Amino acid sequence: MKTRITASFILLLSCIFNHNISACTGISLTAKDGSRIVARTIEWGGSKLPSMYVIVPRGTEFTSYTPTGINGLTFKAKYGLAGLSVVQKEFITEGMNEAGLSAGLFYFPGYGQYPDFDSTNPSKTIADLQVVCWILSQHATVDEVKESVKNLQVTVLQGASTVHWRVADSSGRQIVIEFIDGRAQVYDNPAGVLTNSPGFPWQMTNLNNYVNLYPGAVAEQSWNNTSLRQFGAGAGFLGLPGDVTPPSRFVRAFFYQATAPQQPDGEAAVVQAFHILNNFDIPVGLEHKAGEAPDIPSATQWTAAADMTNGKLYFRTMYNSTIRCIDLRQIDFSKTKFAAFPLDKEESEPIEHIRIK
């Protein structure tokens, strides 16, 4: 699948993916019936982020963008998939395929480094913004991805920052892929959490700074004939970081996820995931100087969840809090056509007015 590169496209790409107010937060849940859920937010506080949902049938052919044109790696979809894309329909940021494999792209500025782009042989290179599509269209399990990503040649498009990726399957396996010093590094992710910079190993080590946190109440104590008691519920988490930086969001997501009661089934766990991720909505204005905030409802432009066990992809947006679902098991990926549609038909929050007679 090829789309013409235009100057306006390059400008939009540069503005969006090379900006300090891009962020993402990812979590994972397992229901009592064994359903495996991954969920995440995507933030961009600069302006409206063009987003759409995409249906990719088996057999769809893609040619990757590179810094010199649409002349990179060519691949054909072995598996059908559904995903959410940004800017271009090919740039799937979060998605799941018919085998139950999930993959997502997370902003990773200042720490990743891809291999040097070989302009004399671009056909072996894939743009980082198309790696999710490549992962989902070519693989069925995390183990398959771990093996094939070792030799992947990834490049960044003009003006964009580096990214890293989370990949998970219905077995519960989950990995993080980061390119460091030009080489793919693959980390098992037992925590099931991911945000942005710095690198994943550092984020995991940083959790040790919060070893004193625990759920529930704090017992009353007496010091020098003075009684000390908690002001309210949840004082065991006093010291949990509340800012929106990636390290703080990683810690907060880890503890919110770890203390969440287990839900009975996949749908209930998906709803729980959306509630947890409510805590990571970033209000417009927090990341801007006074008077410079854009006219959008939220810096958290959309939130998505994938039920890898039951083959369902869910999303909601800054314009519509209603959770919408794409059931991949209802799609015949051998017959359906490639399709891309805006996430919202109307860009306004639906409000139900209750009339009292």
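Visitor: In this predicted model, in which loop does N320 lie?
Guide: The model is a predicted one. Strand 17 covers 312–317 and strand 18 covers 324–327. N320 lies in the loop between strand 17 and strand 18.

Visitor: Is N320 buried or exposed, and what is its relative accessible area?
Guide: A residue counts as buried under 20% relative accessible area. N320 falls under that cut-off and is therefore buried, with a relative accessible area of 16%.

Visitor: Which residue has its backbone nitrogen 2.9 Å from a polar atom of the side chain of N320?
Guide: Leaving aside neighbours within four places in sequence, N320 is in contact with D344, E349 and P350. The backbone nitrogen that lies 2.9 Å from a polar atom of the N320 side chain belongs to T322.

Visitor: Does V87 count as buried or exposed, and at what relative accessibility?
Guide: V87 is found in the loop between strand 6 (81–86) and strand 7 (92–97). Although V87 is not a glycine, its phi is positive, at about 65 degrees. The cut-off for buried is under 20%, so V87 counts as buried, at a relative accessibility of 11%.

Visitor: Does N224 count as buried or exposed, and at what relative accessibility?
Guide: N224, in the loop between strand 14 (221–223) and strand 15 (226–228), has a positive phi near 50 degrees. Exposed means over 50%, so N224 counts as exposed, at a relative accessibility of 76%.

Visitor: How far apart are the end C-alpha atoms of helix 6?
Guide: Helix 6 has 12 residues, 266–277. At 1.5 Å a residue the helix should span 16 Å, and this agrees with the separation of its end C-alpha atoms, 16 Å.

Notes. Residues are numbered from 1 along each chain as its sequence is written. This is a predicted model: local features need pLDDT of at least 70, side-chain atom pairs count only at pLDDT 80 or more; totals for chains, interfaces and linings use all residues. Side-chain values use heavy atoms; hydrogens and water are left out. Helices (H or I, at least four residues) and strands (E, at least two) are DSSP runs, numbered from the N terminus. The expected span of a helix is 1.5 Å times one less than its number of residues. Buried means under 20% relative accessible area, exposed over 50%, partly exposed in between (1.4 Å probe, protein chains only). A polar contact is a pair of N or O atoms within 3.5 Å; within protein, one must be able to donate a hydrogen and the other to accept it, and residues adjacent in sequence count only if both atoms are side-chain atoms. Contact means heavy atoms within 4.5 Å.
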